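Me: I have a structure to go through with you. Please answer my questions one at a time.

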Amino acid sequence: MNLLLILLSVVLVNNFVLSRFLGICPFLGVSKKVETAVGMSIAVTFVMALASVFSWLVQEFVLVPLKIEFMQTIAFILVIAALVQFVEMVIKKTSPTLYQALGVYLPLITTNCAVLGVAILNIQNNFNLIETLVNGIGGGLSFTLAIVLFAGVRERLETAPIPKALEGFPIAMIAASLFAIAFLGFTGLGQ
Amino acid sequence: MNINTILWSVVSLGGLAVLFGIILTYASKKFAVEVNPKTAEVRDALPSANCGGCGFAGCDAFADAVVNGNAPITGCPVGGAALAAKLAEIMGVAAGDSEKHVARVICCGDSNNAKEKYEYQGITDCKAAEALAGGSKSCRYGCTGLGTCVKACPFDAIHVVNGVAVVDEDKCTACKKCIAVCPKNIIELVPISKEVRVLCKNQEKGKEVMQSCKVGCIACQKCVKACKFDAIIFENNLARIDYSKCVNCMMCAEACPTKTIYANFKNRKKAFIHDDKCIGCTICSKNCNFEAIEGELKGKHKILEDKCVGCSKCYEKCPKDAVEMR
């Protein structure tokens with residue numbers, strides 16, 4: 001039950017992109033088409049889940065025993081960077097088409113604050129390993145929800161009559177803020 | 001500050017880093033993807049300007065396209081013929097021939113020759129000025145001189161001098177970016193060897209043109225009459241040079257009363273007949289439109305330098321290759 005609660009809260013109530021404002025860069029950068037958005041969100045979910053688990057393990061078995069918790073940020077970045085490199089190599093080998101579509105964005109995921117954010121939040125909330133994994137996957141799912149919905153809206157905006165000054169990026173920002181306001185409606189759902 | 005803390009931090013993080021390094025190295029070997037070495041070679045040969053002049057998204061994309069056969073090796077305007085030859089070597093095919101082109105601004109109405117209709121205080125952008133009744137220049141076909149093309153050029157090859165944009169032909173790579181942004185459409189791509197150009201796009205005639213600009217084309221047609229090679233097209237009250245026929249003799253530039261036609265007379269070639277090769281066949285003097293060759297049958301021929309205009313007709317016609325253009 002607790003796990004379901006965690007999942008629900010991270011996907012809807014505390015949505016990483018729309019409530020916590022983490023991971024805005026790929027959110028705005030990759031959301032022009034629904035297909036690329038879906039691809040990107042799969043990559044992000046995968047990275048987030050693995051990053052949560054590995055950073056939790058590093059925290060539990062290296063940082064805490066040696067009493068060097070202050071090294072958390074650097075250690076996590078190290079883990080995430082290595083992980084993304086690994087994921088990039090795997091994708092390059094197994095799916096060249098996906099690599100062509102997403103190859104540019106993978107390094108972007110490394111510096112994505114959402115990935116570091118989920119790792120640190122796991123520690124802050126004192127989750128155990130399973131809870132960490134669920135939170136990681138949930139974070140990825142929340143990103144997926146936000147970016148896929150947003151991509152759908154943006155695709156529609158391409159053919160809508162928009163004032164010339166607002167075309168492209170400005171209207172995307174306005175749409176994103178409206179999304180964020182809408183998701184406020186989910187507060188209090190956890191109760 | 002406990003020395004142990006520092007020690008453990010360094011050791012553990014260093015240890016983690018080494019561990020990840022080993023895993024990644026192993027993974028890179030295991031998950032190695034075969035890259036076509038030709039693509040890397042082609043990519044290295046490219047100028048890396050990423051200007052998009054080839055029509056692809058940057059030099060990487062063009063290199064891929066060349067190797068896959070989706071792009072011609074002459075596709076890069078920046079590298080030109082030299083690059084095409086190199087790519088031909090790498091790809092193992094014969095290169096086509098393409099002469100270097102440059103952009104030219106078809107307007108000579110600078111601040112000495114043309115006036116301003118009104119004082120323009122808007123954004124320093126030609127497209128913005130064009131929206132205001134065609135710009136502040138007295139001639140509505142002319143260059144507004146506000147430099148939108150200068151900003152567009154990635155090679156610093158175009159500058160505004162005295163109110164008109166001028167292309168530096170040494171730096172121009174014919175990437176066509178300036179042509180795309182000019183709202184007056186007065187930049188054209190011309191082969192660099194063609195020296196003569198009509199620097200005006202004005203479609204009015206006579207007095208109206210003179211009122212707008214001192215060096216505009218007044219449609220007097222003196223150039224059309226002066227050209228012995230039928231290389232001037234006259235339409236819409238404007239003279240235009242047909243570069244497939246023009247031989248750089250510069251007679252039109254001499255004839256133009258308003259000095260609209262520009263030709264660098266220093267670059268005018270003069271013919272020279274090599275005595276040792278001339279056999280006195282008189283083919284050259286018969287073909288010369290300017291009576292600039294004298295000589296008798298079977299005798300050595302000579303060029304009259306003050307009459308020669310460098311049209312290269314004799315050079316083309318001589319069966320013994322005795323004529324040199326210099």
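Me: Is B:Asn248 buried or exposed?
Reply: This is a predicted model, in which local features need pLDDT of at least 70, side-chain atom pairs count only at pLDDT 80 or more, and totals for chains, interfaces and linings use all residues. Residues are numbered from 1 along each chain as its sequence is written, and side-chain values use heavy atoms, with hydrogens and water left out. Buried means under 20% relative accessible area, exposed over 50%, and partly exposed in between (1.4 Å probe, protein chains only). The relative accessible area of B:Asn248 is 17%, so the residue is buried.

Me: Where is B:Asn236, and is this residue buried or exposed?
Reply: B:Asn236 is in the loop between strand E6 (232-235) and strand E7 (238-241) of chain B; strands (E, at least two residues) and helices (H or I, at least four) are DSSP runs, numbered from the N terminus. Its relative accessibility is 52%, so B:Asn236 counts as exposed.

Me: How many residues of chain A are in contact with chain B?
Reply: Contact means heavy atoms within 4.5 Å. On the chain B side there are 15 residues, and those of chain A in contact with them number 18.

Me: Which element gives the most to the side of chain A that touches chain B?
Reply: The elements that give two or more residues to that side are helix H3 (34-63) and helix H4 (72-94) of chain A. The one that gives the most, with 11 residues, is H4(A).

Key:
Chains are lettered from A and ligands numbered from 1 in the order in which they are written.
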